[in-house]
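Reader: I would like to go through this model with you and ask what stands behind each label. Could you take me through the terms one by one?

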Amino acid sequence: MSFLADRCTSDVRCRKSGLMAIAGLTSLALFLCAGCVRSEPDDGKIHLTYWEKWERFEGEAMQRVVDDFNRSQDRIVVHMHAFGAIERKVVAATAGGNPPDVAGLWMPYIVPFAESGLIIPLGPYLERDGIRPDHWTKVYADMCTYEGTMWAVPTTPSATALYWNKAMFREAGLDPERPPRTIAELDAMAEKLTRYDSEGRIVQMGFLPTEPDWFIPAFGPWFGGQPFDGQNITANAPGYVEALEWVQSYSRKYDIDRIKRFSGGFGNFASPQNPFFAGKIAMVLHGVWLHSYIVQYAPGMDYGVAPWPKTPHGPENFTLAETDILVIPAGLPKVRQDAAWEFVRFVSSQRAMETLCLGQQKHTPLARVSDEFLANHPHRYIHLFIDLSKGPGVWHAPRMGMWARYDSEIRAAVERMRYLQVNPATGRPFTAAEALDIVQTRMEANWQRHQDSLALRKQQEGTR
Amino acid sequence: MTRLDRRHLRNGLLFAGPWLLGLGAFVAFPILRSLYLSFCDYSTLQPPMWIGLQNYRDLLKDEVFFKSLSNTFIFAGLALPASILTALFLALLLNSGVRGLPIFRTIFYLPCLVPAVASALLWLWVFNGQYGILSHALGTVLEPLNGFVNSTLAGIGSGTRVHLAPPVWLSDPRWSKPALAIMSVWGTGGTMIVFLAGLQNVPTELYEAAEIDGAGWWRRLYHVTLPCLSPVIYFTVIMGLIGVMQFFTAAYIIGGGPMGGTAGMPARSTLFYTLYLWAQATEWLQMGYACAMAWILFVITLILTLVAHGTAQRRVTYLG
């Protein structure tokens with residue numbers, strides 16, 4: 001006020017100041033509103049915003065599909081934008097009332113996003129256009145289905161298998177063409193492939209269950225367990241107990257302190273210091289995508305790919321499957337949703353999907369695979385991944401809204417076992433049953449709360 | 001109030017209006033809203049549902065919540081004293097009339113300008129268990145030490161042998177928090193500058209009087225420098241305490257696996273409070289639960305600040 005009083009020597013000046021303040025406020029209001037408005041070229045076409053997570057060669061492959069779609073018709077133009085942490089941005093944008101028209105996410109987000117009303121069901125569109133779930137390989141269509149309808153369509157899928165370094169097999173006196181077929185063979189070969197220096201430090205390992213640690217929640221099903229039976233949490237079922245005991249057997253056999261020192265030198269996955277690329281680990285469980293990284297970071301590596309070794313109580317030819325997906329966020333005008341579906345349907349066509357999957361060097365989620373796709377694919381084991389994804393041993397994460405939390409708890413239990421952490425209650429390292437009982441208790445409480453929350457929401461929606 | 005006064009008031013309010021609006025919309029409203037949401041089941045995508053104290057009751061039964069809290073306290077106990085003592089030590093060195101003061105000041109301050117993510121990625125390599133410079137340096141010290149101890153043990157006829165090896169830092173749950181505390185010391189240049197400014201404000205006549213009374217370097221430090229610097233120390237302790245309770249970025253990069261994240265690896269040893277809060281809010285869409293956690297953190301920080309304030313009240317000396 002004193003600032004103004006010193007300078008406002010006349011009514012005219014004060015009026016000017018007031019007008020300036022009003023102008024300032026108006027500018028602020030316009031500035032704030034600018035973010036709420038979609039600006040589109042006035043060319044009579046519908047311009048769709050498509051958010052994706054892929055960058056580099058994966059993004060370029062999708063951009064080719066987007067360009068094909070834009071050329072294929074003259075009503076809709078899709079603009080693709082790629083960035084990281086996309087799921088959080090989609091949540092924030094949708095909660096803020098300004099979602100993208102199409103979003104490329106991952107399979108685990110389908111159920112939580114469907115339960116929260118963040119995405120629309122695609123079932124009615126599929127039905128209208130006569131596209132049946134058997135258009136896709138069963139496991140990928142199943143992953144996208146929740147409460148009887150598909151909420152997403154698969155884009156690039158993944159299946160996992162055992163990669164082994166043939167040169168390291170030769171050096172260890174093993175047959176380079178004969179991968180382990182059972183878990184016992186895996187353990188025995190891993191032992192032969194493990195080497196120490198003169199001071200007893202590990203310099204090479206045959207296999208390390210936690211390198212990479214991406215597939216840990218699948219270990220239970222690999223050993224014949226299931227985390228969820230459709231109604232109840234079953235984390236401490238025998239399959240998971242057996243799996244965790246197996247993980248711990250490596251910490252005991254090779255000494256966890258030596259393993260820590262050895263693994264402390266590993267670099268990032270996408271780098272030449274990746275222990276598999278650097279020849280520090282001879283066998284890893286990995287996805288179909290690994291081939292493209294081998295080409296980049298370990299060119300010339302002589303490697304083979306085989307199914308996960310059979311466990312005593314697990315299925316034959318086990319594989320963990322996942323998929324990238326396309327979803328249409330809720331809250332858009334019907335005309336935009338329809339246009340978004342046009343694009344999603346185009347991507348799901350065989351030609352577009354094979355262009356995308358070839359570009360990303362993955363297999364296709366579609367049930368039909370063209371000879372051209374197989375002939376042109378750079379991954380020489382692509383047949384194996386297709387067969388595994390269609391086989392009886394395929395497993396995918398359960399369709400439950402709190403799977404991300406459950407996943408983190410299973411990982412925590414594996415870490416307890418792996419580091420031989422002491423159970424304060426017994427004074428001895430955690431047993432698998434003890435570690436899994438913690439998961440069971442925590443997840444039962446979380447599951448109950450999740451169910452209560454859904455029931456309460458339904459009840460509130462009913463009274464509205 | 002005259003007509004002119006009323007105009008002044010109106011214009012003043014109009015000028016202050018945008019700021020007040022911003023404060024209300026972007027600060028006051030979210031704070032109060034988060035308090036309301038802490039009593040709700042809220043996923044950000046649907047309207048919040050009032051559930052009373054359920055979030056707070058669940059938090060009291062949540063073992064991971066207490067694990068994240070204890071990780072944060074342990075880290076705070078390591079990082080805060082280490083950072084402040086290092087900053088004070090460097091400031092005292094620089095204040096001792098060293099030549100090339102601006103160069104040293106710049107060198108020590110430089111790490112503060114490195115983005116947090118870049119510095120975390122850099123420290124990943126420093127702490128690398130096999131190739132890390134820190135393990136290598138410790139190894140060169142420990143190797144002769146092992147030799148000396150073992151030869152001494154052999155000399156006295158003992159069959160015992162020792163093999164001290166550098167820690168594997170980020171691959172070992174016992175060493176991951178100390179590693180992050182060491183890393184936090186690297187960015188202490190900002191605090192050092194504050195201390196240096198405080199030291200340059202200590203009246204020289206106090207040092208002269210102390211010297212005349214026969215006080216040596218240590219007594220001058222203890223009886224003149226530290227009391228005069230006590231308001232600055234008090235300020236940095238409070239700010240450091242608030243900062244360390246919200247430690248996030250480096251832990252997200254270093255303990256989050258190859259893509260960063262809230263895993264708190266290894267074995268949840270770096271799962272700090274804010275990481276768990278972030279996971280609840282953004283990964284598991286439990287925004288109500290996360291809001292309850294945020295308010296508990298606020299209360300804890302407030303209590304710690306009040307304790308620090310009460311303890312410091314009797315020891316802080318304000319000159320003039």
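Author: Gladly; what follows is a set of questions on labels, each set against its definition.
Author: This is a predicted model, in which local features need pLDDT of at least 70 and side-chain atom pairs count only at pLDDT 80 or more, while totals for chains, interfaces and linings use all residues. Residues are numbered from 1 along each chain as its sequence is written, chains are lettered from A and ligands numbered from 1 in the order in which they are written, and side-chain values use heavy atoms, with hydrogens and water left out.

Reader: How do you know whether Phe65(B) is buried or exposed?
Author: Buried means under 20% relative accessible area, exposed over 50%, and partly exposed in between (1.4 Å probe, protein chains only). Phe65(B) has 4% relative accessibility and therefore counts as buried. Tyr273(B), at 0%, is buried as well. Ala118(B), in helix H5 (residues 116-126) of chain B, has 37% and so counts as partly exposed. Arg315(B) follows helix H13 (287-313) of chain B, and its 62% makes Arg315(B) exposed.

Reader: What makes Arg380(A) a charge over the face of Tyr303(A)?
Author: The rule asks for NZ of Lys or CZ of Arg within 6 Å of the ring centre and within 35 degrees of the ring normal. Arg380(A) lies over the face of Tyr303(A) at 5.1 Å from the ring centre, and Arg416(A) lies over Phe430(A) at 5.4 Å.

Reader: Where do the side chains of the strand that holds Tyr303(A) point?
Author: In strand E10 (residues 303-306) of chain A, Tyr303(A) and Val305(A) point one way, Gly304(A) and Ala306(A) the other way, and all are buried.

Reader: What makes Glu191(A) and Lys253(A) a salt bridge?
Author: Side chains of opposite charge can pair when their charged atoms come close. The cut-off is a side-chain nitrogen of Lys or Arg within 4 Å of a carboxyl oxygen of Asp or Glu. The closest N and O atoms of Glu191(A) and Lys253(A) are 3.0 Å apart, so they qualify. Glu191(A) lies in helix H9 (residues 183-193) of chain A and Lys253(A) in helix H11 (residues 238-253) of chain A, so the pair ties together parts 62 residues apart in sequence. Arg418(A) and Glu415(A) also form a salt bridge, at 3.7 Å; they lie three residues apart in helix H18 (residues 403-418) of chain A, about one turn of the helix, and both are buried.

Reader: How many residues of chain B are in contact with chain A, and how is contact defined?
Author: Contact means heavy atoms within 4.5 Å, and 54 residues of chain B are in contact with 52 residues of chain A. The buried area is about 4,500 Å², of which carbon and sulfur atoms give 56%; this is the accessible area (1.4 Å probe) that two parts lose on being put together, summed over both. Six salt bridges are counted between the two chains, including the one from Asp172(B) to Lys260(A) at 3.4 Å.

How values were computed:
Helix = DSSP H or I, 4+ residues; strand = E, 2+ residues; numbered from the N terminus.
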